[in-house]
Amino acid sequence: MRGTLHQMTCNRLWMVALVVVGASVGHAQAWEKRIGPGISYRMEVDAARPLVIHSLRITPGAPELKLKAELAQLKVFDAGELKGKETLTSLVRRTGAAAGINGDFFWAGDPLGGMIRDGEVVSRPYKDRPVFAWGRDASSTGIFSWSARLKMESGKIIDIAGINEETNRGVVLHTESAGMAFAKQPSVFIDIELMDGKPGTSAALVGVVQSVRADLEQVAVPEGHIVLAARNADQSLLTSIRARQQVTITMSAKGLDWTKFDQAIGGGPFLLRNGKVAIDWQKAGFKEGFANNPHPRSAIGRNGWGDVYLTVVDGRGPHSAGVNLSEFAAICQRLGMTDAINLDGGGSTCLNLFGAPVSRPSDGVERPIANAVLLFAPVQARSAEERVIRGPDLVTNGSAGYTVIGADGVEVPNAEVVWTATGSGWIDQGGVLHALGTGTATINAWVRGQRHSITVQVDKR
């Protein structure tokens with residue numbers, strides 16, 4: 001199957017799906033839709049528990065597919081109210097991605113753990129927490145370390161404690177990916193124009209100091225520059241640096257084979273390793289309630305053939321209670337994964353397809369996040385054919401079914417439709433809207449490159 005997908009040359013995302021009902025999940029109902037070469041989407045609904053699972057399976061080597069670790073607003077920090085965060089839906093639409101899943105835990109716009117974007121270390125790893133790393137033809141889970149140091153013309157060496165994060169302890173390096181160097185207390189900022197090299201997993205950067213400024217809390221990082229920052233007593237580490245001096249910064253990331261991978265996303269803890277459950281929540285610094293209580297969950301994983309899975313479980317709602325880490329690992333294993341890590345969950349949990357969330361945010365609205373994994377794929381050209389969503393305008397009995405009808409009056413096969421809903425109802429991939437409360441619900445149907453929407457009244461009294 002993988003070899004066949006590699007040979008496919010179709011350059012459009014085409015809904016030629018098979019809908020599978022009740023497939024190998026006991027009394028639960030499941031739909032699996034192939035939504036393009038190398039991409040399939042699966043939704044499982046267990047009304048008895050209740051539980052709703054969404055999973056996107058991707059063959060990375062399929063033509064014109066690219067998975068990318070991406071920052072919200074494309075930078076770590078921003079001077080705006082959200083400090084660099086944005087919702088997954090906003091990020092998917094901003095970048096033109098076909099799909100996405102929320103990424104790592106975070107502080108403000110700063111991912112808490114390791115992140116590598118297009119070969120550049122954007123965020124250093126968090127102690128004992130894993131990353132999922134990938135390139136075009138390979139992927140892996142693991143833990144890596146990062147180090148950096150500055151060498152002055154005099155030969156003096158200064159260790160660098162962090163990268164693209166709030167300046168707290170030690171000297172922090174900020175690259176263009178940071179957007180701005182940020183501290184909550186007055187600090188010293190050193191602007192260095194790069195003359196040679198670029199940030200990477202193994203890099204030597206040569207630059208010339210342009211300015212040394214003190215008593216500031218934030219500065220922008222200009223294009224082609226880096227900024228060093230230190231606060232409080234750590235400012236003394238930088239007192240010997242003067243304008244026009246040349247400096248060299250070396251960076252190194254160890255623990256994974258970075259010749260194979262140019263992207264990585266952090267999270268934690270491990271869920272699966274080499275086909276076995278391997279949940280190390282205590283070592284990774286998580287609390288018992290986080291591990292053992294049911295919550296919305298997100299994960300990224302792989303199978304033995306290298307296919308990548310983006311998987312979420314809805315939680316904290318009447319339609320889906322959520323799962324603990326052991327249950328989540330078992331779900332990932334049943335779906336076919338051999339290796340997987342947990343991503344940020346709770347209100348951050350979200351899986352987006354074609355610019356709309358297929359999962360239901362537990363807060364009722366999407367939570368702004370710091371980073372994500374995005375899937376770029378050739379999207380089918382927008383069809384000029386007129387279509388409508390057909391179904392009742394008022395849902396009074398708890399649920400109602402909907403279909404998409406073409407201009408010729410013929411129903412579009414449900415296998416070619418991806419359903420999403422917001423507001424007072426959630427929708428399964430059979431096109432059935434389920435009431436969550438009294439109010440309005442917006443139903444979206446993605447069909448042949450076009451999104452169709454209607455708003456209906458929901459009365460759950």
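User: What does R316 count as, going by its relative accessibility?

Analyst: R316 counts as partly exposed, at 46% relative accessibility, where buried means under 20% relative accessible area, exposed over 50% and partly exposed in between (1.4 Å probe, protein chains only). Keep in mind that this is a predicted model, in which local features need pLDDT of at least 70 and side-chain atom pairs count only at pLDDT 80 or more, while totals for chains, interfaces and linings use all residues. Residues are numbered from 1 along each chain as its sequence is written, and side-chain values use heavy atoms, with hydrogens and water left out.

User: What is the phi of R316, and where is R316 found?

Analyst: Most residues other than glycine have a negative phi, and most peptide bonds are trans. R316, although not a glycine, has a positive phi of about 60°, and R316 is found in the loop between β24 (308–313) and α4 (325–335); helices (H or I, at least four residues) and strands (E, at least two) are DSSP runs, numbered from the N terminus. L74 is also not a glycine and has a positive phi of about 70°, and its place is the loop between β4 (66–71) and α2 (88–95). With 33% relative accessibility, L74 counts as partly exposed.

User: How many salt bridges does the structure hold?

Analyst: Side chains of opposite charge can pair when their charged atoms come close. The structure holds 17 salt bridges, each being a side-chain nitrogen of Lys or Arg within 4 Å of a carboxyl oxygen of Asp or Glu. One of them brings together the side chains of K68 and D118 (3.2 Å, N to O). This pair links distant parts of the chain, since K68 is in strand β4 and D118 is in the loop between β8 (115–117) and β9 (120–123), 50 residues apart. K68 is buried, with a relative accessible area of 16%, whereas D118 is partly exposed, with 43%.

User: Which residues are linked with K68 and D118 in a network of salt bridges?

Analyst: The network links K66, K68, E70, R117 and D118. Elsewhere, R94 forms a salt bridge with E86, their closest N and O atoms being 3.0 Å apart; R94 counts as partly exposed at 46% relative accessibility, while E86 counts as buried at 5%. K127 forms a salt bridge with D128, and there the closest N and O atoms are 2.8 Å apart. K127 is exposed, with a relative accessible area of 64%.

User: How much space lies in the largest pocket?

Analyst: About 550 Å³ of space lies in the largest pocket, a volume being the space filled by probe spheres set on grid points joined across faces, edges and corners. Of the 21 residues that line this pocket, W107, D110, R124, E165 and E166 are the closest to its centre. On a 1 Å grid over the protein atoms alone, with a 1.4 Å probe, a pocket is an open set of points with protein on both sides within 12 Å along at least five of seven lines, and lining residues have an atom within 4 Å of a point. At least two residues of the lining come from each of β7 (110–111) and β16 (180–196).
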